[in-house]
Amino acid sequence: MTSVRVAGVGLTPFGAHDDRAGRELFASAALAAFEDAGVDRAAVDQLTYGNFMGALAEEQGHQAPLMAEAAGLHCPATRYEEACASAGVAIREAVRTVRSGEADVVLAGGMERMTTLDTGRVTAALAIAADELYEVRAGVTFPSAYALMARAYFERFGGDREDLAHIAVKNHANAVDNEFAQYQTEISLEQALDSPPIATPLHLYDACPITDGASAVLLVSEAYAKDNGIEAPVSITGSGQGGDHLALQDRHEMAQTPATEDAATEAYDEAGITAADVDFAEVHDCFTIAEVLAIEGLGLFESGEGIAAAREGRTTADGETPINLSGGLKAKGHPVGATGGSQIAEITRLLRGDHPNSDAVEDGTVGVAHNAGGTVASAVVHVLEADQ
Amino acid sequence: MSNHTTPLDDEAVTYDEWLDAIDAGEGFYLRSPEGYGSLPPRRVCPHSGATDLTHEPLPETGRIETYTVVHVGATKFADDTPYISAVVDFGPVELTGIVRGVDPEAVAVGDDVGVTVETRETTDDRLVVFRPA
C-alpha cells in the first residue's frame, strides 16, 4: 500500500470572521498549506472538501469547484458532507485516493461560516445533523442530544458535571498559546460550573463555540515526496470510518460510541498499532461529554474511566496521554466542516515540533485524530506517525 | 420467493399517520420477526434488516431512559423553553419527545410515562409528548 505523506498544512485563525466570505477563508488556508509544503498549486490532482451548512449560512451550495477556483486550482473538486465529520471524510477520501495510485497530490480540508447565523438559526442549522422526523421535530438540538448521552453515561458509569468541567478547563489551558485558537484564555473550574445551562447537565462552558474557519492539508504519495525532494516527516498510516443509527432512540447504547470503536479498529489495524501505542490524540470534543466518549471509544481508556481522566490529570498536557493539545473543539473552536482537517494539521505540527505545545509530546511519534458527525452516527479516525 | 418491488400504493405508514394513530389512542410500532421494534416510515428494520414488518400495539407505559432540560432551543421551539426532552423506553422500541406535566426539577430517569401527541408552544406543529403515567 502506498504511504501517504502530509506535505503541508494550513489554517485560518478560528473565530468570528465577520464579513469574510467562505471562499476567501478556504483560499487563505490552502495557500498556507502550499507555502508550508513548498509544492506548486499546479501539481494538485484533486480537491476533497468538507462543508456542512454552507447552504444555510452563506446560501451557497456547490462549493467544491468554487473553493478550487478560490485556491487557484484547476482540478476535479468534490464536497464531502458528514455533518461535523465532513472534513474527516474528505481527508479519508484523499488518503484512499493517493493510496490507490489514482493521484499523487490531493488537497483536502474544509471550511465553515457559522457566525452569519444568530443563535436560534445556528442551533436549527446544527440540528439538521440529527434525525429530522424522530428527533428534530421532537425538539432535540445538538447540545440536547449530547446532554441525553451525558445523562445516560452518568446513569451507567457515574460521574458528574464537575468531571466534565475539568475537561473544559484542560482544553482552554491547552489553547492559550495556540495562535489559531478562538479562545486563547484559561478558565477556572468555578467559571465552568457557574456558566448558564444550555441543556442539563450541559452548561455553556461544556459546549464548543460557534466558529468560522478553514483548514487545508496537502497529501502526497511517498513517491512524489521522494521524487520532488519534499520534506514531509509525518505520514497518515491508518484511516478508519464507522457508522451508527442516526437517531439516539435506535441506538443499542447511548453511553458508548460504537462508530468510533469501529473506525479506530480499522485505522489501528491499517497502521499496525494498538491503542497502547498512541502517544496523544485530537478528539471530537464538541461537548465535554463527547471527549469522554471519544477517548473510551478509541480504546485509550476503559469504559467508565474516561470521565475522570481530565480531573485525574491523565489527559492534561503533562499527563500520560495528552488529549486535545490544540485546545480541541471546545477552546480552539469548531467550524464544523473544517474541524477534521484542523485536527490533522494540529497533529502534524505537534509531531513535527513546530506547534506551541510540541514540548508536551517531545518523544511522541504516534498521534490520532478522531472526528465525529452528529451524535457519532459517523466517526472517522486517522493515525499519524512521525519518522523515527 | 421475495418481491423486491415497492409499489407506491401499498400500506407503508407515514410519520404523520403514525402520529394520528398515537393521537387516537391506537399507538403502534413496527415489529420485525426477530422481535426488534422501530417507528414508521420504515421499509427495513434498522436492527435486523427484515422487511416483513408488522404493526404491534405500543405498550401504554414507558420508562424515561434519559432526559435533559433544554434552556436554549431552536427558533421553532423558542417559546417552548425550558422544556424536558427525553428518550423513553417502551420495551421493544424507544421514542423521543417532550415531557409535560412534570416539574423540570423533579423529572428523573426511570419515571413512568405515557405517550400523546400535542403541539409546540411556538408553532402549531405536532410532536410526541410524554405525560406521567
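In the predicted model, in which local features need pLDDT of at least 70, side-chain atom pairs count only at pLDDT 80 or more, and totals for chains, interfaces and linings use all residues, the axes of α4(A) and helix α13 (residues 339-352) of chain A come within 5 Å and cross at roughly 65°. Axes are lines fitted to C-alpha atoms, for helices over the stretch in contact, and angles run from 0 to 180 degrees between N-to-C directions. Helices (H or I, at least four residues) and strands (E, at least two) are DSSP runs numbered from the N terminus. On the side of α4(A), the contact (heavy atoms within 4.5 Å) is made by A:Ala87, A:Gly88 and A:Ile91, and on the side of α13(A) by A:Thr339, A:Gly340, A:Gly341 and A:Ile344. These residues comprise three nonpolar, four polar and no charged; Ala, Val, Leu, Ile, Met, Phe, Trp, Tyr, Cys and Pro count as nonpolar, Asp, Glu, Lys and Arg as charged, and the others, Gly among them, as polar. Residues are numbered from 1 along each chain as its sequence is written, chains are lettered from A and ligands numbered from 1 in the order in which they are written, and side-chain values use heavy atoms, with hydrogens and water left out.

Chain A contains an open, mixed sheet of nine strands in the order β3-β2-β4-β7-β1-β8-β11-β10-β9, where two strands are taken to pair if DSSP finds at least two bridges between them. From one strand to the next, the twist averages 25°. Within this sheet, strand β1 (residues 4-11) and strand β8 (residues 234-243) of chain A run antiparallel and are joined by two bridges. A:Arg5 stands opposite A:Ser235 in β8(A).

Two helices of chain A were examined against the sheet. Helix α1 (residues 22-37) of chain A packs on it and touches β1, β2 (46-50), β4 (105-112) and β7 (213-221) of chain A, with a direction at about 130° to that of β1(A). Helix α4 (residues 86-100) of chain A also packs on the sheet, where it touches β1, β2, β3, β4, β7, β8, β10 (366-373) and β11 (378-386) of chain A. The direction of α4(A) makes about 120° with that of β8(A).

A search over all chains finds 27 salt bridges in the whole structure, each defined as a side-chain nitrogen of Lys or Arg within 4 Å of a carboxyl oxygen of Asp or Glu. One of them joins the side chains of A:Asp387 and A:Arg5 (2.9 Å, N to O). This pair links distant parts of the chain, 382 residues apart, with A:Asp387 in the segment after β11 of chain A and A:Arg5 in strand β1 of chain A.

Local backbone features were also identified. The peptide bond from A:Thr200 to A:Pro201 is cis, with omega near 5°, and A:Pro201 lies in the loop between β5 and β6 (202-203) of chain A. In chain B, the bond from B:Pro40 to B:Pro41 is likewise cis, with omega near -5°; B:Pro41 is found in the loop between β2 (37-38) and β3 (54-57) of chain B. A:His62, a residue other than glycine, has a positive phi near 50° and belongs to the loop between α2 (54-57) and α3 (63-70) of chain A.

Chain B has an open sheet of three strands with antiparallel pairing, in the order β2-β1-β3. Its edge strands, β2 and β3 of chain B, each pair on one side only. Strand β1 (residues 28-31) of chain B pairs with β3(B) over four bridges, and B:Leu30 has B:His55 as its bridge partner in β3(B).

The contact between the chains takes 29 residues from chain A and 33 residues from chain B. Chain A and chain B bury about 2600 Å² between them, 57% of it on carbon and sulfur atoms; buried area is the accessible area (1.4 Å probe) that two parts lose on being put together, summed over both. A:Tyr134, A:Arg137 and A:Gln249 supply 23% of the area that chain A buries against chain B, more than any other three residues. Two salt bridges are found across this interface, including that between the side chains of B:Asp16 and A:Arg137 (4.0 Å, N to O).
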